[in-house]
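Biologist: Please take a close look at a single part of this structure and describe how it is connected to its surroundings.

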Amino acid sequence: MSFRIFLHREVGPLACNCYVVGDAATRAAVVIDPGGDADELLTAITEQGLTVTAIIATHAHFDHVIAAEQLRAQTGAPFYLHESDSPVLDWYQASGKLFVGIELPPPPVVDASIHEGDVVGAGSVDLQVIHTPGHSPGSISLITDQAVFSGDTLFAGSVGRTDLPGGDTQTLVDVVKRKLFVLDAKLDVYPGHGPATTLERERKTNPFVGEAAGMWGPN
Ligand SMILES: [Zn+2]
Ligand SMILES: [Zn+2]
């Protein structure tokens, strides 16, 4: 099995988890959620001898994409986003000012939209795209045979907020149950913020979407 997480770093003003993952044999890599610290990420990518084949945002909130344009320009790799988050990306500069008081440059250029069922490759490793809206309309999760990168949809012991534009609580709850909890329970979950977990642990204990919430109780 050649899947590897080459790099995990908390980046940017809201401590977004950026993951660089891919094929341990060829060192082809995908950058997930480049939310800041572009220079540090690029240095680490170079030091590890990685070739970036794609840059993907799990959704377009500013704290997940601040470094996307610089990485795109300096690696030549395309930046991918689900098209339903286009309106969220349009809110990029205003939301940066609103939430953390920073002036952001124009939003990153999106080279292509990704959708449910798309597969993004890094060498022999495939990342499968699952559309998991609720936190934002175009939120996605990325699945490998070992891991789920869940963005701000599912956290260890929590879920993403749904009070931002385009968010919807019932959609998020349904999507986690129907699309994530049906996957192999042994998969590790790497969220957009906070510590890693497993699907099994969240299905059993997550107070918002797990059995502990009564969602899976007998009826
Ligand atoms: Zn978010
Ligand atoms: Zn976030």
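Modeller: The bridge partner of I56 in strand β5 is Y80. This is a predicted model: local features require pLDDT of at least 70, side-chain atom pairs count only at pLDDT 80 or more, and totals for chains, interfaces and linings use all residues. Residues are numbered from 1 along each chain as its sequence is written, while chains are lettered from A and ligands numbered from 1 in the order in which they are written. Helices (H or I, at least four residues) and strands (E, at least two) are DSSP runs numbered from the N terminus.

β5 (residues 79–82) runs parallel to β4, to which two bridges join it; strands pair if DSSP finds at least two bridges between them. β4 (residues 51–56) also pairs with β3 (residues 28–32), in the parallel sense, over five bridges. Here V52 of β4 is the bridge partner of A29. From β3 the chain passes through helix α1 (residues 38–47) to β4 in a right-handed β-α-β crossover, that is, a clockwise path from the first strand over the helix to the second, with the strands pointing away from the viewer.

Five of the six residues of β4 are buried, meaning that 20 or more other C-beta atoms, placed from the backbone, lie within 10 Å of a residue's own; exposed means 12 or fewer, partly exposed in between. In α1, the buried residues are A38, L41 and I45. They line one face of α1, because down its axis they fall within an arc of 65 degrees, taken from the directions from the helix axis to the C-beta atoms. The face turned away carries the exposed D39, T43, T46 and E47.
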